[in-house]
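Try each task before you read its solution.

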Amino acid sequence: MRAENEGFNLGPGQTRFDTAGNRVASVPAKPQGAPSGYRRAADGQSFEAIPGGPADPSVIQQNAQARGPATQITIGDGQRLPSPPKGTVWQMGQDGKPLLDNRGAPVAIPFQGGPAMADAEASAAQAQGRRNQSIREATVVTEDISRAVGIIQNSDWPTTGLFGSALANLPGSSAHDLNKMMDTIKSNSAFGALQKMRENSPTGGALGAVSERELTLLQSTIGSLEQSQGQQQILDNLARVHNGFLDIVFGAGEGPQRMPVTFRQGDVQRRLEFLSAQYPDDANKVMRIMKSEGLL
């Protein structure tokens, strides 16, 4: 047997007793580490949540609000729906049951004040800002076209054709003013700008929106705006560009009244057949376009 006074070593949490059962020595246990999100309190024994940490009650409440209300909804044969995606709730019908899409899947919608709603509102505001910018850009061009038409129709001197083209370099003349106005219209009508306007318009790439082919035709018309053309021809081309810009921003047949195009007025039936072929399933749109162009 070892003598009681023999040397010994103790580890954390260990105690040494003599043969009579009396405690001779002991080493305190190693302090327990604080759980994640907590720290040791001032008494050295208990733990408290770290302010602002994941265990802070206020943080837990904020996270719960961001996730949205937890829902356990029963559908069909008793199957329970899980909680909806973060920031959304299941959309309910008047019968109190969740609405299903055409695939039979439940529809989740953002709830007021949640992060998904905030993101949707921010996206909508940005889209509206882009649409407003397109309207402003189109308005600049259509106003310039109206001014150009006014110059042609109200000038006492030739502004188009052979003589108008010859007077275009004479400062102060109506022909010179028209020439500069035409340059402005062309510079604000680059193909890339037209594509951007179409993408930012309310119709965008949807059915009934201006197609790539129509954009190309419009760009071709813009490129053919030459002062040397006859008066009626250039007036018709300006009207086509004006109407094309309104179609891009507002959709065919929608928005402000279009300028009349004389060659279309002379062949209403052909225009009607063309539009009917373009919109075979939407007679109302065909009538709106015809009316907007002054053909009805």
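Contact means heavy atoms within 4.5 Å. This is a predicted model: local features need pLDDT of at least 70, side-chain atom pairs count only at pLDDT 80 or more, and totals for chains, interfaces and linings use all residues. Residues are numbered from 1 along each chain as its sequence is written, and side-chain values use heavy atoms, with hydrogens and water left out.

**Exercise 1.** Find the place of Thr160 and list its contacts.

Solution. Start with the helices, which are DSSP runs (H or I, at least four residues) numbered from the N terminus. Thr160 sits in the loop between helix 2 and helix 3. Next, skip neighbours within four places in sequence: Thr160 then contacts Ile152, Ser165, Leu178, Gln227, Gln229, Gly230, Gln231 and Ile234. A polar atom of the Thr160 side chain lies 3.5 Å from the backbone nitrogen of Gln231.

**Exercise 2.** Is Thr160 buried or exposed?

Solution. Recall the cut-offs: buried is under 20% relative accessible area, exposed over 50%, partly exposed in between (1.4 Å probe, protein chains only). Thr160 has 10%, so Thr160 is buried.

**Exercise 3.** Which residues of helix 4 are buried, and what covers them?

Solution. The buried ones are Ala175, His176, Leu178, Met181, Met182 and Ile185. Their cover includes helix 2, helix 3 (161-167) and helix 7.

**Exercise 4.** Which residues does Leu238 contact, leaving aside neighbours within four places in sequence?

Solution. Leu238 touches Ile145, Ala148, Val149, Ile152, Met182, Ile185 and Leu225.

Notes: Helices (H or I, at least four residues) and strands (E, at least two) are DSSP runs, numbered from the N terminus. A polar contact is a pair of N or O atoms within 3.5 Å; within protein, one must be able to donate a hydrogen and the other to accept it, and residues adjacent in sequence count only if both atoms are side-chain atoms.
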